[in-house]
Amino acid sequence: MNDVAGQTDTWLCETAGSICKASGFYTITKTLSETRGIVCSDHIRDKDGLWSVLVWLSILAVRKQGVEEIVRDHWAKMGRNYFCRFDYEGVDSRAAYYLMRDLEAVIIDKAFTTQKFSVGNNIYSVEKADNFEYTDPADGSVSRKQGLRIIFTDSSRIIFRLSGSGAGTGATVRIYAEIYERDPERHNRETQVVLGPLIAIALKISNIHERTGHRGPNVIT
């Protein structure tokens, strides 16, 4: 996103949503309303999804191309971000809380920023790890504890988020993984293969299967 914003001279605001998904419209709608004069009514539920659809419809109308053609053109110019999300639903709330608490203690330790993880032929060196907080540029309000971030020197990242939403009862623990690929020759690889090493790291440092009793995620996006 930094590359795209820089090359197109576009205003960029990192939000609580954008740390873990491409849009982040749930937070952005408030900012648009208060800084850009765009009305984002609070009484409309799931307006982040509606805004995502409206943005895509606007892109299609201007570009007059199909979605795949637009996306592949973007990859050719800016590179591709491989992304996936693992949802562990119906997790015991106490187990989820302590998992996130203990994981945060691990990643905010100064020693963690010197860690290197070797998976197959890949080596990932930690550059930064924190519990993300978002400062709203419109009113200065701060939203803390928005996700545990592990960012590596190659810009790939792992995010852990705890949510009360999801199917059924209990908590939902989400793991996000993302890798940036500039080489056009590597833009057609299978997503799970590309992100496999990052997922392996996430599972190792969190011990999520052992601590939640889940054998795997309920949903993979």
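E178 and R157 form a salt bridge in this predicted model, with their closest N and O atoms 2.8 Å apart. The pair links distant parts of the chain, 21 residues apart: E178 belongs to strand 8 (residues 171-181) and R157 to strand 7 (residues 157-163). Both residues are buried. The structure has 13 salt bridges.

**Other salt bridges**
- E133 and R144 also meet through their side chains in a salt bridge, at 3.7 Å from N to O.
- E133 sits in the loop between strand 3 (122-131) and strand 4 (134-135), and R144 in the loop between strand 5 (142-143) and strand 6 (148-152), so the pair ties together parts 11 residues apart in sequence.
- E133 is partly exposed, at 41% relative accessibility, while R144 is exposed, at 55%.
- In helix 4 (residues 67-78), K77 and D73 lie four residues apart, about one turn of the helix; a salt bridge joins their side chains (3.3 Å, N to O).
- D73 is partly exposed, with a relative accessible area of 25%.
- A network of salt bridges links R63, D73 and K77.

**Helix 6**
- Helix 6 has a kink of about 45°, centred on P197.
- Its buried residues include V194, P197, L198 and I201.
- N207 follows helix 6 and has a positive phi, near 50°.

**Confidence**
- The protein chain has an average pLDDT of 84, and 78% of the residues score at least 70.
- Residues 17-23 have a pLDDT below 50, and this stretch has 21 contacts in the model beyond near neighbours in sequence.
- Where pLDDT is low, predicted coordinates should not be read in detail.

Definitions and conventions
Residues are numbered from 1 along each chain as its sequence is written. This is a predicted model: local features need pLDDT of at least 70, side-chain atom pairs count only at pLDDT 80 or more; totals for chains, interfaces and linings use all residues. Side-chain values use heavy atoms; hydrogens and water are left out. pLDDT is the predictor's confidence in each residue, from 0 to 100. Contact means heavy atoms within 4.5 Å. The bend at a residue is the angle between axes fitted to the seven residues ending there and the seven starting there. Helices (H or I, at least four residues) and strands (E, at least two) are DSSP runs, numbered from the N terminus. Buried means under 20% relative accessible area, exposed over 50%, partly exposed in between (1.4 Å probe, protein chains only). A salt bridge is a side-chain nitrogen of Lys or Arg within 4 Å of a carboxyl oxygen of Asp or Glu.
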